[in-house]
Amino acid sequence: MSNTNRRRIVQGIGAAAIVSQVGLSKPARAQVKLRYANASNAGYLANIVMQEFWEEVRKRTNGEIVVETFWGTLGGEQTLLNGVALGTLDGYHGAYTGMREFDVFYAASMFRDFEHAARVVNGPLRPKLAAALEAKYKVHLLGLGRAGAFVLQTRDKISTWADLKNKKIRGGAIEGTLESIKAIGASAVPMAFNEVYTALQQGVVDGQVTLGTLVMTMKYFEVVKSWVRNDFGLGFDKVVLSQRTWNRFKPEQQKMMHELFLELEEKKWYAPIKERSAADFKRWQEINGADSVPTLDPAEGRRLLAPMAERLANDVFGPGAYKQIQDTA
């Protein structure tokens, strides 16, 4: 992210001054205690980054803000986000929002790559997206974490797009993902994240679409044989805090948290994801064989998926939106 874009996002919260350290000369008694959660386990990269984020927030506020984190123990993403809206949780990050404004971004063929996606999502659309989230869930959008590419996996080995026809493929409750599965001729099966491993193990579904960064930590190599190398959409974790909690923070704390998130997202969230994919594919092939990571015909993939992405973008954001997205430099 450019320095100009970084300053624009930080300035948008209207804080009075930029500070790098907030707090008293001696440790302060915790004034804001938060409960923060994600549906996947502690080994998920986003959880590692956000754990570091909250620990740094505690240090920079001399203990005025203390966070208890819950990784993979409180239910699926929809449950967690609803918990933030209802007040049983203070914050959450994940793919799920149940909102078309975000869900269509997950459609395969919507973006060229993650740099293109970040320019679109963090550009002119950001204020609209933040306002929509606040209106529905009464949450503040701290930021968008580039969570990695979505990938397609099957219980048996495949080599062409045609091999996926009529297979039951699990996807999260995200419109862009489910419509992408349908576009390739498969049957989309919405399913909570914490139910997927068992469903694959028992043959309830024939495959899944999930974030590539989760594949090895969740040990899917035990229940899945093929991992398609082609990206199947790009993922963003929405990092949100309840508005009531956000309003309890001092302006300088809000400023610091926005700056800190942008810094960690760039260096410790997105950068490692770019480096990790090749190593994960290599390890997968060592376990399941050289033919377990097929590359499907990219031209055929675009033929199947681009019309679906265009339809969704234009339906949600208005006629010509897909072209505008594609034309974003």
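Predicted model: local features only at pLDDT ≥ 70, side-chain atom pairs only at ≥ 80, totals over all residues.

Student: Which residues lie nearest the centre of the largest pocket?

Tutor: Look for S109, F111, R112, D231 and R302, which belong to a lining of 19 residues. Two elements, α11 (298-317) and α12 (321-327), each give two or more residues to that lining. Of these, α11 gives the most, with five residues.

Student: How do the lining residues of the largest pocket divide into nonpolar, polar and charged?

Tutor: Ten are nonpolar, five are polar and four are charged.

Student: How many cavities of 30 Å³ or more does a search of the whole structure find?

Tutor: The search finds two. The second largest cavity has a volume of about 40 Å³. Around it you can pick out F102, F105, Y106, V121, L144, F236 and K238. That lining has six nonpolar residues, no polar ones and one charged.

Student: Now the helices, please. At what angle do the axes of α2 and α10 cross?

Tutor: For a pair of helices, look at the angle, the handedness and the residues that meet. Helix α2 (residues 45-60) and helix α10 (residues 251-288) have axes that come within 10 Å and cross at roughly 155°. Because of that angle, α2 is roughly antiparallel to α10. Their crossing is right-handed.

Student: Which residues of α2 and α10 meet?

Tutor: From α2, the residues include L45, V49, F53, W54 and V57, and from α10 they include L260, F261, L264, W269 and I273. By class, this contact has 15 nonpolar residues, no polar ones and five charged.

Student: Let me try another pair. How do the axes of α7 and α11 cross?

Tutor: Helix α7 (residues 175-183) and α11 have axes that come within 9 Å and cross at roughly 145°. The crossing of α7 and α11 is right-handed. In the contact, E175, G176, E179, S180 and A183 of α7 meet L304, L305, M308, R311 and L312 of α11.

Student: And what classes of residue make up the contact of α7 with α11?

Tutor: There are five nonpolar, two polar and three charged residues.

Methods:
Residues numbered from 1 in each chain as written. Heavy atoms only, no water. 1 Å grid on protein atoms, 1.4 Å probe; cavity = no way out; pocket = protein on both sides within 12 Å on 5 of 7 lines; lining within 4 Å. Helix = DSSP H or I, 4+ residues; strand = E, 2+ residues; numbered from the N terminus. Nonpolar A, V, L, I, M, F, W, Y, C, P; charged D, E, K, R; others polar. Axes fitted to C-alpha atoms, helices over the stretch in contact; angles between N-to-C directions. Parallel < 35°, antiparallel > 145°, perpendicular 65-115°, else oblique. Left-handed = near helix turned anticlockwise from the far one by under 90°. Contact = heavy atoms within 4.5 Å. Points joined across faces, edges and corners; volume = space filled by probe spheres on them.
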